[in-house]
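Here is a short briefing to read with the structure open beside you. Take it topic by topic and find each residue as you go.

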Amino acid sequence: MTTKVKGLVERLKDGEDIIVAEGYLFEFERRGYLRAGCFVPEVVLEHPELVKVMHEEFVHAGSDVVEAFTYYAHREKLKVIGRENDLEILNRKALKIAREVANETNTLMAGNISNTTIYEPGNKESEEKVREIFKEQVEWAVEEGADYIIGETYQDGGEAMLALECIKKYGKGTPAVITISPTNDGISYDGVPLEQVARKLEDAGAACVGINCYRGPDTMRPLIQKVRAACKGPIACLPSLYRTNDQVKSMVDFKDHVTGESAYPADMDPYLISRRRVTEFTKELKELGVQYFGLCCGNKAYFTRAMAEALGRKPPASRYSPDMSQHFTNFKDGEHERATRNFYVKT
Ligand SMILES: [Zn+2]
């Protein structure tokens with residue numbers, strides 16, 4: 001059963017902003033419920049109650065969308081950990097949890113397919129395998145009532161096109177949002193500038209196109225500007241939450257500043273951006289004409305709340321947004337003198 005809430009396409013047509021909290025894989029890895037490396041969302045089967053709570057947290061923080069946690073829950077990835085037999089049950093469970101939270105909170109539920117890791121441009125056999133992966137996940141998403149389907153983190157334009165093709169073919173009219181992932185030079189692995197891939201996806205019928213993952217705000221910005229210039233319709237931007245820069249364009253390239261060893265994926269906390277940067281970047285994106293706002297790897301509920309507030313929203317979590325005027329160190333002279341006396345060394 002799908003919701004009666006206003007659909008994605010209608011919202012985009014009406015010029016509304018959409019906020020989409022992502023980043024489930026990293027957050028559950030950090031919490032100790034899935035393994036970095038294979039990055040398979042086993043938590044869906046082992047601790048479904050925690051997945052539900054994280055969906056609820058993100059909605060509480062301002063997400064308009066509950067994205068089913070089926071990222072990397074595809075045949076190839078489950079094979080890596082010997083759980084191929086759990087493929088359908090995991091997908092359906094993740095979709096049911098997301099549907100339940102969306103129904104309870106009047107939000108949209110999105111199915112989710114992703115890069116398969118086995119796509120090889122021009123290799124018919126690999127393309128067929130990729131199609132099969134997309135087909136089964138799309139069909140399950142539709143059967144479990146997805147309002148739309150997110151296809152994301154494609155580094156090959158060809159694989160992104162296959163994802164869209166399969167959503168159109170097997171999605172029974174379910175809208176598609178397709179986002180591609182920026183490599184260091186802003187060109188897809190199969191050699192096409194990302195903005196051209198985005199335009200191709202738009203022309204082929206995606207409801208919204210854009211970029212997600214790998215780059216943080218500072219290195220994502222030039223690429224999303226190009227996507228804006230190339231596309232006519234609504235565009236999406238979902239950066240990672242890391243301090244990427246001219247020297248380190250993507251989160252996977254961070255080196256530990258002491259040992260020089262790769263910080264990806266388990267030692268990246270020191271390179272997280274601030275909530276303030278999320279606020280600023282969201283406003284920058286709004287000015288650039290982005291309509292579909294999201295946060296990818298490194299996201300946490302407080303970042304999503306910062307994004308929502310930057311767009312003028314007041315989600316339930318805003319009740320507890322920081323207010324340092326209530327902190328004792330900011331009380332006026334004479335109030336709580338004892339506390340202030342203990343906190344400061346008077347000069
Ligand atoms: Zn990501």
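Predicted model: local features only at pLDDT ≥ 70, side-chain atom pairs only at ≥ 80, totals over all residues.

Residues are numbered from 1 along each chain as its sequence is written. UniProt places the feature "domain: Hcy-binding" at residues 6–311, in an unreviewed entry. Over residues 6–311 the chain is 45% helix and 13% strand, with the end C-alpha atoms 19 Å apart. Helices (H or I, at least four residues) and strands (E, at least two) are DSSP runs, numbered from the N terminus.

**The annotated binding site**

- The unreviewed UniProt entry lists C213, C296 and C297 under "binding site". These residues span 85 residues in sequence, yet no two of their C-alpha atoms are more than 6.4 Å apart, so they gather at one spot.
- UniProt positions are given in the numbering used here, feature names are shortened, and annotations may be inferred rather than shown by experiment.
- C213 sits in the loop between β6 (208–212) and α10 (217–230), while C297 sits in the loop between β8 (292–295) and α12 (301–310).
- C213 counts as buried because it has 26 C-beta neighbours inside 10 Å. C297 is buried too, with 26 other C-beta atoms within 10 Å. (A residue is buried if 20 or more other C-beta atoms lie within 10 Å of its own, exposed if 12 or fewer, and partly exposed in between; C-beta atoms are placed from the backbone.)
- Leaving aside neighbours within four places in sequence, C213 is in contact with T153, S181, L238, S240, C296 and C297. (Two residues are in contact if their C-beta atoms, placed from the backbone, lie within 7 Å.)

**Helices with buried residues**

- In helix α9 (residues 194–203), L194, E195, V197, A198, L201 and E202 are buried. They cover an arc of only 155° around the axis, which puts them on the same side of α9. (The arc is that of the directions from the helix axis to the C-beta atoms.)
- An α-helix has 3.6 residues a turn, so residues three or four places apart point the same way.
- The buried residues of α9 pack against α8 (157–170), β5 (176–180), β6 and α10.
- α12 is mostly covered, as nine of its 10 residues are buried. Its buried residues pack against β1 (18–21), α4 (48–60), α11 and β8.
- E280 is found in helix α11 (residues 275–288), and with 15 C-beta neighbours inside 10 Å it counts as partly exposed.

- Of the 102 residues in the largest nonpolar core, A94, I149, A163, V177 and C237 touch the most other members. Helix α6 (residues 87–105) gives the most to this core, with seven residues. (A nonpolar core is a set of buried Ala, Val, Leu, Ile, Met, Phe, Trp, Tyr and Cys residues joined through C-beta atoms within 7 Å.)
- Apart from its neighbours within four places in sequence, A163 is in contact with I113, F134, G151, Y154 and I178.
- α6 and helix α7 (residues 124–143) pack at an angle of about 40°, with their axes 9 Å apart. (Axes are lines fitted to C-alpha atoms, for helices over the stretch in contact, and angles run from 0 to 180 degrees between N-to-C directions.)
- E88, N91, R92 and L95 in α6 meet Q137, W140 and A141 in α7.

**Backbone points to check**

- The peptide bond from Y264 to P265 is cis, with omega near 0°. P265 lies in the loop between β7 (235–238) and α11.
- T153 has a positive phi of about 65° although it is not a glycine. T153 belongs to strand β4 (residues 148–154) and is buried, with 24 other C-beta atoms within 10 Å.
- K172 is not a glycine either, yet it has a positive phi of about 50°. K172 is in the loop between α8 and β5, and with 11 C-beta neighbours inside 10 Å it counts as exposed.
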